[in-house]
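The sequence and the model are shown first.

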Amino acid sequence: MDEALIVPPSTLQFSRERGYDVTIGDRVSVVCGPAVDIEGLVRSVDFVSGCLTVLSDDGLLHDVLIGFCIKLENHSLRDIEHQVGCEVWIISGPKKGYRGTLRSVGRTYCNVAIESGIMQLKNTAVITEFGMCLNGAILDSTRMVAFIELRRKSFVWTAPRSATPPMLTVDPSAEPGPSTLACDPWVSHPDDITPQPLNELAQANIDYGCVPWLFNNNFCDYANWHVCLRVGMSYNCGSLLKRVVRTTVPDRFSTVVHGHGLAPPGHVSVTVTSSTVSANIEHHFIPARDLTPANPRSAGQYCLVLHGELVGQIHQVKKCQVKKDPKGVELEDGTKLPLGDVCQVISAN
């Protein structure tokens, strides 16, 4: 019998046309060196030193020379595609620090919906809530600490509640006087009913997201205009994700309908048409961090200018371009503004 000719698999080699044909997320096998017989996914590649880091099936990381590996399988999007529709963070570029909703993901680029529209970003610039880039790479320790700090600042921290005061022993034969009532924690006072202003620490911990101007009473005429807003995925499991809500008037922080009353600190009172057949008006108190400005969609609508020389002013839209670049609006006086600088408003009259 003739001897069988066994051709060993070729390892990854550098070529002028393609360089090292390996990227993060590829599955490789180590065929020589200290980590021989290890199989796993590529987590990082250093083309300068010619090394890569492999996450083996047993969960350990191995630094291996690229030339010691053979590629078993190209990068797959299966592990990332389930993140579509979930909240992600932008960690580089002009929108660094923004949160958004992942709309689609490809091998190199992804589409993320933020307040100014849908942006196309590199997968390396977007990470999931678990600190994994969309190209499959895990943040190193330094960048992970920075990401955790970024997320921590986005949550509202409330002061711890004090314990229930003990019952005071009062002489039943004594007539109650002003001094007795003033020190009795079980007696209601006017201050217990009237809402008290937040202290400086509580105000500093409120996350106003990308709509801090909504809490400035002098920014525009809120009493006569509904401000249109979009709601993020994190509010009520995304039930209002594709809806446009509008602030209540004349007070955007309270409503008298069905006894809803005053919105909690850092929340905005909004209304939206119900998605049911009855088409009732729903009232919500939504945290500001879950709200983003809604862009005008057509000519004839009105917009509130958020940045620039016309900040705080309301103008009618003459032209609106939302599908082609550059996306923006043209006002009646000919001023052109990008979509990120305006927010749709509707007259309450």
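## Aromatic cluster

Tyr208, Phe215 and Phe253 are linked into a cluster by ring pairs. Rings of Phe, Tyr and Trp (its six-membered ring) pair if their centres lie within 6.5 Å; planes under 30 degrees apart count as stacked, over 60 as edge-to-face and the rest as tilted. By this rule there are four aromatic pairs. In one of them, which is stacked, phenylalanine 215 and phenylalanine 253 lie 5.2 Å centre to centre with 25° between the planes. Phenylalanine 215 lies in the loop between helix H5 (200-204) and strand E13 (225-231), and phenylalanine 253 in the loop between strand E14 (244-247) and strand E15 (254-255), so the pair ties together parts 38 residues apart in sequence. Helices (H or I, at least four residues) and strands (E, at least two) are DSSP runs, numbered from the N terminus.

## Basis of the model

The model is predicted: local features need pLDDT of at least 70, side-chain atom pairs count only at pLDDT 80 or more, and totals for chains, interfaces and linings use all residues. Residues are numbered from 1 along each chain as its sequence is written, and side-chain values use heavy atoms, leaving out hydrogens and water.

## Nonpolar core

A nonpolar core is a set of buried Ala, Val, Leu, Ile, Met, Phe, Trp, Tyr and Cys residues joined through side-chain atoms within 4.5 Å; buried means under 20% relative accessible area, exposed over 50%, and partly exposed in between (1.4 Å probe, protein chains only). The largest such core has 24 residues, and Trp213, Leu214, Val227, Val245 and Leu291 have the most contacts inside it. E13 gives the most to this core, with four residues.
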